[in-house]
Amino acid sequence: MVSFVLSARAQDLPCAPRALILDELSERHGEVVVFQGVSGGSVFEVFWSPVEPNSWTAAVTRPDMLMCLIAVGDGGALIPRGVQLKDETEALSLRKVRKNG
């Protein structure tokens, strides 16, 4: 089910050759891959920059090596392994603690 959704949505997303997008994410935004998963022959990835403003990108690479952007944003934080967040408010407060600490 998930692979079908990713494949269907990837057709309507902004896409470009994978190498071009990877260069842009790395060089311009300082983003590195922090998650990678495979679904139905496509690779889903999340990129994140440890440099303020902590930009992030979610993308899917299709079998034809076109990478399609799903979402982008600023102000993200990596959640430490084993931490269970109760709600969105707790996720936002974790980011503030990391930023100040």
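A disulfide is a pair of cysteine sulfur atoms within 2.5 Å. The structure on screen is a predicted model, in which local features need pLDDT of at least 70, side-chain atom pairs count only at pLDDT 80 or more, and totals for chains, interfaces and linings use all residues. Residues are numbered from 1 along each chain as its sequence is written, and side-chain values use heavy atoms, with hydrogens and water left out.

**Stop 1: the disulfide**

Select Cys15 and Cys68. Their sulfur atoms are 1.9 Å apart and form a disulfide; the count of disulfides is 1. The torsion about the S-S bond of Cys15 and Cys68 is about 105°, so the disulfide is right-handed. Cys15 belongs to strand 1 (residues 15–17) and Cys68 to strand 5 (residues 66–73), so the bond ties together parts 53 residues apart in sequence. Helices (H or I, at least four residues) and strands (E, at least two) are DSSP runs, numbered from the N terminus.

Cys15 is partly exposed, at 31% relative accessibility, whereas Cys68 is buried, at 0%.

**Stop 2: salt bridges**

A salt bridge is a side-chain nitrogen of Lys or Arg within 4 Å of a carboxyl oxygen of Asp or Glu. The model has 3 salt bridges.

Select Arg18 and Glu45, whose closest N and O atoms are 2.8 Å apart in a salt bridge. Arg18 lies in helix 2 (residues 18–28) and Glu45 in strand 3, so this pair ties together parts 27 residues apart in sequence. Arg18 counts as buried at 18% relative accessibility, and Glu45 is buried with a relative accessible area of 1%.

Next, select Arg28 and Glu24, which form a salt bridge with an N to O distance of 3.1 Å. They are 4 residues apart in helix 2, a separation of about one helical turn. Arg28 is exposed, with a relative accessible area of 65%, while Glu24 is partly exposed at 35%.

Then select Arg62 and Asp64, which meet in a salt bridge at 2.7 Å, N to O. Arg62 is partly exposed, with a relative accessible area of 22%; Asp64 is partly exposed at 48% relative accessibility.

**Stop 3: the nonpolar core**

Which residues make up the largest nonpolar core? Select Ile21, Leu25, Phe47, Ala59 and Met67, 5 residues in all. A nonpolar core is a set of buried Ala, Val, Leu, Ile, Met, Phe, Trp, Tyr and Cys residues joined through side-chain atoms within 4.5 Å.

Keep Ala59 selected and display its contacts (heavy atoms within 4.5 Å). Leaving aside neighbours within four places in sequence, the contacts of Ala59 include Phe47, Met67, Cys68 and Glu45.

**Stop 4: Gly75**

Select Gly75, in the loop between strand 5 and helix 3 (88–100). Gly75 is partly exposed, at 29% relative accessibility. Its C-alpha atom is separated by 6.0 Å from that of Ser55, 20 residues away along the chain.

**Stop 5: confidence**

Colour by pLDDT, the predictor's confidence in each residue, from 0 to 100. The chain averages 80, and 73% of the residues score at least 70.

Notes
Buried means under 20% relative accessible area, exposed over 50%, partly exposed in between (1.4 Å probe, protein chains only).
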